[in-house]
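Have the viewer open while you work through them.

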Amino acid sequence: MHPLARIALALGLAFLYGPILLLVVYSFNESRLVTVWGGFSTRWYAALLADSALVAATTVTLKVALASASLATVLGTLAAFALDRRRLPGRPLLSGLVYAPMVMPEVITGLSLLLLFVGLGIDRGLVTIVIAHATFTLSFVAVVVQARLRSIDRSLLEAAADLGAPPEQVFFTVTLPLIAPAVIAGFLLAFTLSMDDLVIASFVSGPGATTLPMRLYSQVRLGVTPEINAISTLLIAAVSLGVLAASLIAARRGRAAGVPV
Amino acid sequence: MTALAERLRQVAGPVLAFGWLAAFFGLPFAIVLKISLSDPATALPPYTPVLDWEAGIAGWANLLAALDFENYRTLVRDPLYLDAALTSLAVAAGGTALLAVIGYPIAYAMARAARRWQPLLVALMVVPFWTSFLIRVYAWIAILKGDGFLNRALLALGLIDQPLAILNSPAAVMVGVVYAYLPFMVLPLYAALERLDRGLIEAARDLGASRLGAFLSITLPLSLPGLVAGALLCFIPIVGEFIIPDLLGGADTLMLGRVLWSEFFSNRDWPLASAVAMAMLLLVALPVVLFREAEARRLEREP
């Protein structure tokens with residue numbers, strides 16, 4: 001590699017990871033002054049467990065993420081199958097409907113969904129956050145699964161059908177195992193996007209349904225504190241482990257599926 | 001019977017998926033449009049409904065009579081909204097340009113790295129995307145604030161005498177935008193550069209083109225689809241960005257997303273917030289349409 005390219009890469013990665021690294025390191029800072037090192041300590045992590053509102057918000061977030069990611073995985077996979085068809089009436093409109101939520105500014109998605117819920121007289125709370133999150137994350141699932149569908153070997157499906165397998169059996173024994181890594185990746189992506197969302201949840205949530213990002217945001221507005229650094233570090237650790245597990249699963253499944261039968 | 005069941009099965013999936021999107025993504029926009037045309041009220045919900053569904057034909061007649069563009073007139077008249085729109089566009093355009101300049105060398109270096117390192121490099125670009133947006137923006141407060149890491153480092157090095165006031169300035173918003181959206185620019189660019197046939201560059205060099213000449217006539221044009229995709233993936237969400245200007249920007253970096261937020265949550269003026277949303281939608285609709293066209297052309301070329 002050219003030395004200049006090496007420098008560009010190194011600078012780029014330092015820029016991406018430096019701020020996160022600083023935040024993680026200073027979550028173990030003894031001092032309450034967040035930019036002055038005062039020795040190693042885990043006291044801020046102990047303080048987190050005592051914060052019952054934080055624990056409650058974490059529970060809400062995990063519930064919402066699990067429910068909305070499951071819903072988004074089913075709907076997104078269905079959308080991917082539909083878009084993968086050779087003949088699909090109204091394709092430009094339908095594919096636009098699938099892709100648009102990914103780039104739509106969150107404030108617009110949040111406001112419009114809230115107005116829908118109010119218009120329909122649906123009480124705001126956990127359910128409305130789940131619906132909202134499933135709606136914007138299903139697009140990401142659809143894109144990931146569709147990319148995989150496009151790359152699978154059609155002759156395998158035809159062979160199974162030629163050998164007399166009914167469509168359901170072809171789907172469950174051939175298609176699904178082939179796209180499983182993408183479906184799992186899509187689920188994990190939807191899960192993290194849901195866990196991360198502040199803007200849309202703020203619009204559509206109601207009393208008693210405060211998510212972790214909403215709770216974090218109300219504290220972040222007051223300034224930098226070691227407690228926020230500690231909870232952020234825990235979140236980053238959880239996500240990193242999740243991504244690592246997902247890529248390991250995908251790599252193993254990918255190899256297994258790639259073995260010629 | 002089985003043929004009918006099969007047809008049902010084939011239709012049910014798409015109907016469920018697209019029906020969901022139509023109900024929870026398409027329909028809400030119609031409601032936003034409707035409410036942007038109604039008057040604010042101090043009730044719950046805080047707007048005067050323009051259309052009374054139970055009133056039938058008379059309701060529709062009332063609808064047409066009650067529609068007014070008062071909220072949109074406010075948007076045009078009050079310089080606050082025009083300023084916010086211009087700031088949003090300026091930050092989005094400037095940020096996207098900066099992202100292209102910073103992201104291109106990184107994507108280029110990734111595409112030129114040894115094959116076996118490339119999956120790792122892509123993963124390193126993707127991981128920040130999985131990490132909470134809020135946390136990543138928050139991390140910059142500690143760096144940019146008056147007694148933050150940056151000022152401490154610069155003071156210690158003797159480069160400045162007084163701490164710089166970066167936090168709560170347009171510069172901080174720009175830093176936040178570039179930081180948060182860098183993977184969105186780098187990954188599509190990398191995808192385009194990685195596919196590029198190096199033989200073409202060698203051929204150009206053999207035929208006497210300089211390094212720069214080969215880059216300008218081969219590499220840059222062939223990576224243009226990636227650049228366009230990256231630019232749109234950055235530009236559109238930045239126009240509506242709320243978290244970055246709210247946490248890093250000052251009172252003067254008022255962007256549309258922030259205006260919409262405060263109209264809704266602080267002023268409880270839902271009709272005006274809806275009008276801001278429609279205006280923002282208009283600003284981003286054009287790039288979306290262009291992106292779709294480009295995507296369609298690309299998919300046609302490589303079936």
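**Exercise 1: spans along chain A**

Work out how residues 103-122 of chain A are built and how far apart their ends lie.

Solution. The end C-alpha atoms of residues 103-122 of chain A are 26 Å apart, and the span is 80% helix and 0% strand. Before going on, note that this is a predicted model, where local features need pLDDT of at least 70, side-chain atom pairs count only at pLDDT 80 or more, and totals for chains, interfaces and linings use all residues. Residues are numbered from 1 along each chain as its sequence is written, chains are lettered from A and ligands numbered from 1 in the order in which they are written, and side-chain values use heavy atoms, with hydrogens and water left out.

UniProt positions follow the numbering used here, feature names are shortened, and annotations may be inferred rather than shown by experiment.

Now zoom out. Chain A has 11 helices and zero strands (DSSP runs, H or I of at least four residues for helices and E of at least two for strands, numbered from the N terminus). Its C-alpha atoms fill a box of roughly 70 × 60 × 35 Å along the principal axes. The unreviewed UniProt entry also puts "domain: ABC transmembrane type-1" at residues 58-247 of chain A; that stretch is 83% helix and 0% strand, with its end C-alpha atoms 25 Å apart.

**Exercise 2: a helix pair in chain A**

Find the angle at which α3 (residues 52-84) and α8 (residues 167-196) of chain A pack.

Solution. The angle is about 140 degrees and the axes are 8 Å apart (axes are lines fitted to C-alpha atoms, for helices over the stretch in contact, and angles run from 0 to 180 degrees between N-to-C directions). That makes α3(A) oblique to α8(A); angles under 35 degrees count as roughly parallel, over 145 as roughly antiparallel, 65 to 115 as roughly perpendicular and the rest as oblique. The crossing is right-handed, meaning that the near helix is turned clockwise from the far one by less than a right angle. Residues in contact (heavy atoms within 4.5 Å) include A:L66, A:A69 and A:T73 of α3(A) and A:I179, A:V183 and A:F187 of α8(A).

**Exercise 3: a bent helix in chain B**

Compare the span of α10 (residues 211-239) of chain B with that of a straight helix, then locate its bend.

Then look at its neighbour. Helix α9 (residues 198-206) of chain B packs against α10(B) at about 150 degrees, with axes 9 Å apart. The two are therefore roughly antiparallel. Among the contact residues are B:L200 and B:I201 of α9(B), and B:I218 and B:L222 of α10(B). Their crossing is right-handed.

Methods
The expected span of a helix is 1.5 Å times one less than its number of residues. The bend at a residue is the angle between axes fitted to the seven residues ending there and the seven starting there.
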